[in-house]
Amino acid sequence: MRIGVDLGGTNVRVGLVDEGRIVRMLAEPCKSDRPEDEVVEHILSLVGRLMTPEVERIGIGVPSVVDAAQGIVYNVVGIPSWREVRLKERVESRFGVPVRVDNDCNCFATGVCRFGEASGFDDAVCIALGTGVGAGIVIGGSLYRGRNTGAGEIGSIPYLDRDYEYYCSSRFFVGRGTTGREAYERAVAGDSGALELWHEFGGHVGRLMMMVLYAYDPEVVVLGGSIARAFDFFRNAMHERLLEFPYRNIVERVRICRTQVENVGLLGASAL
């Protein structure tokens with residue numbers, strides 16, 4: 001048995017996992033506006049509710065730059081009070097089992113490679129499209145973190161007048177007076193304006209994919225996150241943009257899909 005924690009600025013999910021199956025899960029709004037100790041105690045209390053003598057390890061994914069070796073997280077996105085938190089040390093001292101901490105997109109990639117669409121592939125890029133844009137990079141079957149666990153921060157790469165995160169996340173829709181959820185619901189209902197918006201969005205995601213192909217040339221690209229739920233509405237526009245990529249054999253051979261695994265980031269955290 002293991003426990004996985006998927007921490008975000010909006011929600012925190014904690015799951016008891018057995019052989020890749022979530023036995024029990026708790027999900028609550030994250031106390032992101034509270035002091036550091038209060039947020040940590042909230043996580044500890046959720047973990048404590050699932051803790052059993054059979055739990056061998058705890059894995060935690062956070063939207064932050066992480067010192068994975070020491071389990072220190074820095075400047076967590078969405079939790080202003082978390083500037084430098086020795087999370088591994090604090091959780092281990094409470095529960096007495098090994099704890100591993102990693103970036104949330106690395107947990108997503110771990111989950112997709114262990115339990116989802118990237119299993120069996122040696123080279124994969126797993127991209128989370130949600131409030132922001134981030135990626136977990138797998139090269140030769142191993143997760144590549146970079147020296148400071150920042151290897152997948154592709155959303156911060158400059159693009160047009162902003163960066164990829166602005167055009168390929170929920171910020172794209174907020175900038176046009178709506179939300180990703182509302183645009184999705186309207187598209188499901190057949191609203192032409194929403195469908196056009198998703199088509200425009202797909203063009204930007206296509207540009208993001210081109211950058212990923214230039215940089216990594218992976219076998220598979222797997223999308224996740226709340227925005228990827230609408231993949232069917234922006235997939236065609238994404239592929240249309242990819243027709244501009246100069247190396248046709250690369251585009252033809254790469255597989256691009258959306259993960260169908262629920263809570264895959266939590267599963268990945270449990271597998272750290």
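**Salt bridges, stop by stop**

Select Arg 176 to begin: its relative accessibility is 34%, so it counts as partly exposed (buried is under 20% relative accessible area, exposed over 50%, partly exposed in between, with a 1.4 Å probe and protein chains only). The model is predicted: local features need pLDDT of at least 70, side-chain atom pairs count only at pLDDT 80 or more, and totals for chains, interfaces and linings use all residues. Residues are numbered from 1 along each chain as its sequence is written, and side-chain values use heavy atoms, leaving out hydrogens and water.

Arg 176 and Glu 200 form a salt bridge, with 3.2 Å between the closest N and O atoms (a side-chain nitrogen of Lys or Arg within 4 Å of a carboxyl oxygen of Asp or Glu). Arg 176 sits in the loop between helix H5 (170-174) and helix H6 (180-188), and Glu 200 in helix H7 (residues 192-216), so the pair links distant parts of the chain, 24 residues apart (helices are DSSP runs of H or I, at least four residues, numbered from the N terminus).

Next, select Asp 232 and Arg 235 in helix H8 (residues 231-242), three residues apart. Their salt bridge has its closest N and O atoms 2.7 Å apart. Asp 232 is exposed at 56%, whereas Arg 235 is partly exposed at 32%.

Move to Lys 88 and Glu 92, whose side chains meet in a salt bridge of 2.8 Å, N to O. Both are in helix H2 (residues 87-95), four residues and about one helical turn apart.

Finally, select Glu 36, Asp 37 and Arg 90, which a network of salt bridges links. The whole structure holds 14 salt bridges.

Conventions: Helices (H or I, at least four residues) and strands (E, at least two) are DSSP runs, numbered from the N terminus.
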